[in-house]
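Please read the points below beside the model.

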Amino acid sequence: MNALAATSRNFKQAAKLLGLDSKLEKSLLIPFREIKVECTIPKDDGTLASYVGFRVQHDNARGPMKGGIRYHHEVDPDEVNALAQLMTWKTAVANIPYGGAKGGIGCSPGDLSISELERLTRVFTQKIHDLIGIHTDVPAPDMGTNAQTMAWMLDEYSKFHGYSPAVVTGKPVDLGGSLGRDAATGRGVLFATEALLAEHGKGIAGQRFVIQGFGNVGSWAAQLITEAGGKVIAISDVTGAIKNSNGLDIPELVKHSAEKRGIKGFAGGDAVDPSSLLIEDCDVLVPAALGGVINKDNANDIKAKYIIEAANHPTDPEADEILAKKGVLILPDILANSGGVTVSYFEWVQNIQGFMWDEEKVNRELRTYIARAFRDTKDMCRAHHCDLRMGAFTLGVNRVARATVLRGWEA
Ligand SMILES: NC(=O)C1=CN([C@@H]2O[C@H](COP(=O)(O)OP(=O)(O)OC[C@H]3O[C@@H](n4cnc5c(N)ncnc54)[C@H](O)[C@@H]3O)[C@@H](O)[C@H]2O)C=CC1
Ligand SMILES: O=C(O)CCC(=O)C(=O)O
């Protein structure tokens with residue numbers, strides 16, 4: 001199922017549970033603004049290459065719109081739209097004063113040189129600089145982008161508007177980035193997993209984890225889970241998949257992946273078929289790469305008891321239904337991966353205040369925010385007799401609906 005159809009279906013189900021007025025429901029679903037821009041750059045060999053960039057600003061009822069910028073060959077308007085909508089509900093679940101947005105450029109970042117990536121990022125920023133800003137829309141990294149991408153965006157934006165570090169988050173620490181932001185999404189995944197397992201009388205220690213994706217989110221999640229005593233037994237990335245039933249040596253895998261630009265060829269495990277990774281026998285499955293990977297074709301074969309959605313929209317609604325019947329518990333993306341945007345909020349606050357926090361404070365506050373979001377979600381599950389996804393959706397949608405009604409529509 002297309003990402004937008006799936007996300008909108010979840011939203012509509014939540015709106016129904018909340019008994020939202022149908023006109024309000026419609027207004028919450030329609031994006032505030034959709035931007036599509038042409039980005040042409042000279043390549044290193046002098047030839048021209050054209051790309052299409054998107055920024056969808058979904059909702060700003062609770063504050064400036066917030067969300068990452070993705071560089072991936074499959075970026076398309078519907079997907080960006082869905083991801084922007086998810087950001088609106090995610091920032092509300094985290095209870096941080098933001099709305100939702102997402103951006104992306106349809107490109108293969110691995111095929112571009114550093115200078116080509118810099119030119120592409122600068123052209124994209126030139127095209128959207130009037131529509132983003134500290135109090136309007138604050139981008140951050142997502143798949144295929146990183147702190148360096150944010151540094152180029154900040155620099156390009158500042159040419160038009162003066163030096164403005166708070167216009168992007170996930171920046172390098174040298175430019176006002178927050179300590180702890182790089183690891184934040186993975187750390188949030190750890191805290192959220194701990195909260196879920198604790199409800200079932202379990203801890204991270206001794207659980208067997210399988211992780212799809214070994215980029216920013218997957219690699220940090222793997223490191224922190226290992227430090228907490230969990231056993232990561234299989235991992236995949238775009239280059240392949242590896243397995244070691246005794247537990248993979250994650251610090252060694254991090255080194256290997258940095259040197260070889262992927263996990264392929266790692267000597268500390270056996271190569272396995274990447275297409276069977278999600279159905280490996282394990283306790284906890286952590287999709288941390290692409291959307292739509294858990295679907296009606298593989299849901300029946302999944303053996304994990306818990307799925308922690310570190311990626312955005314990894315599970316199709318049809319798979320949700322199949323997994324619910326099997327008794328698999330799913331911690332939804334808008335809660336499980338909210339650690340990234342939560343520490344982005346801390347970064348923005350630090351930039352605006354001109355006062356930097358130490359890493360221990362960032363991590364402590366993050367734990368508090370994730371624990372609160374989990375408790376609030378569980379309260380909604382009890383109130384509406386629903387699963388964790390609908391608990392999180394009703395929580396987020398209700399907060400945005402309340403803000404919208406309070407602000408009113410008078411011209
Ligand atoms: N970076 C962040 O702070 C946040 C990211 N997310 C989500 O987490 C997911 C991962 O994002 P990042 O780690 O930032 O991206 P990244 O670009 O750092 O890493 C992506 C990883 O996915 C792997 N991958 C790509 N295609 C794959 C495939 N077909 N099979 C297996 N692995 C594949 C890549 O090899 C890489 O290891 C995305 O869904 C993103 O939207 C969610 C919240 C915040
Ligand atoms: O850190 C942020 O502002 C956004 C991160 C993001 O894109 C996400 O949570 O999906």
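1. Asn-216 sits in helix H7, residues 216-227. Helices here are DSSP runs of H or I with at least four residues, strands are runs of E with at least two, and both are numbered from the N terminus. The model is predicted, so local features need pLDDT of at least 70 and side-chain atom pairs count only at pLDDT 80 or more, while totals for chains, interfaces and linings use all residues. Residues are numbered from 1 along each chain as its sequence is written, and chains are lettered from A and ligands numbered from 1 in the order in which they are written.

2. Asn-216 is buried, because 23 other C-beta atoms lie within 10 Å. Buried means 20 or more other C-beta atoms within 10 Å of the residue's own; exposed means 12 or fewer, partly exposed lies in between, and C-beta atoms are placed from the backbone. Leaving out residues up to four places away in sequence, Asn-216 touches Asn-146, Asp-182 and Thr-185. Contact means C-beta atoms, placed from the backbone, within 7 Å.

3. Thr-185 belongs to helix H6, residues 181-199. Thr-185 counts as buried because it has 29 C-beta neighbours inside 10 Å. Beyond four places in sequence, its contacts include Asn-216, Val-217 and Trp-220. Gly-339 and Gly-340 are also among them.

4. An unreviewed UniProt entry annotates Thr-185 and Asn-216 as "binding site". The two are spread over 32 residues of sequence but cluster in space, with a largest C-alpha distance of 8.1 Å. UniProt positions follow the numbering used here, feature names are shortened, and annotations may be inferred rather than shown by experiment.

5. Which residues come nearest to ligand 2? Of the 13 around it, they are Gly-68, Ala-140, Gly-340, Val-341 and Ser-344. Strand S3 (65-72) and helix H11 (339-353) are the elements that give two or more residues to this shell. A residue is near a molecule if its C-beta atom, placed from the backbone, lies within 6 Å of it.

6. Now helix H8, residues 250-260: Ile-250, Leu-253 and Ser-257 are buried. They lie on the same side of H8 because they cover an arc of only 50° around the axis. The arc is taken over the directions from the helix axis to the C-beta atoms. On the other side, Pro-251, Glu-252, Lys-255, Ala-258 and Glu-259 are exposed.

7. The buried residues of H8 pack against H7 and strand S7 (231-237).

Definitions and conventions
Two residues are in contact if their C-beta atoms, placed from the backbone, lie within 7 Å.
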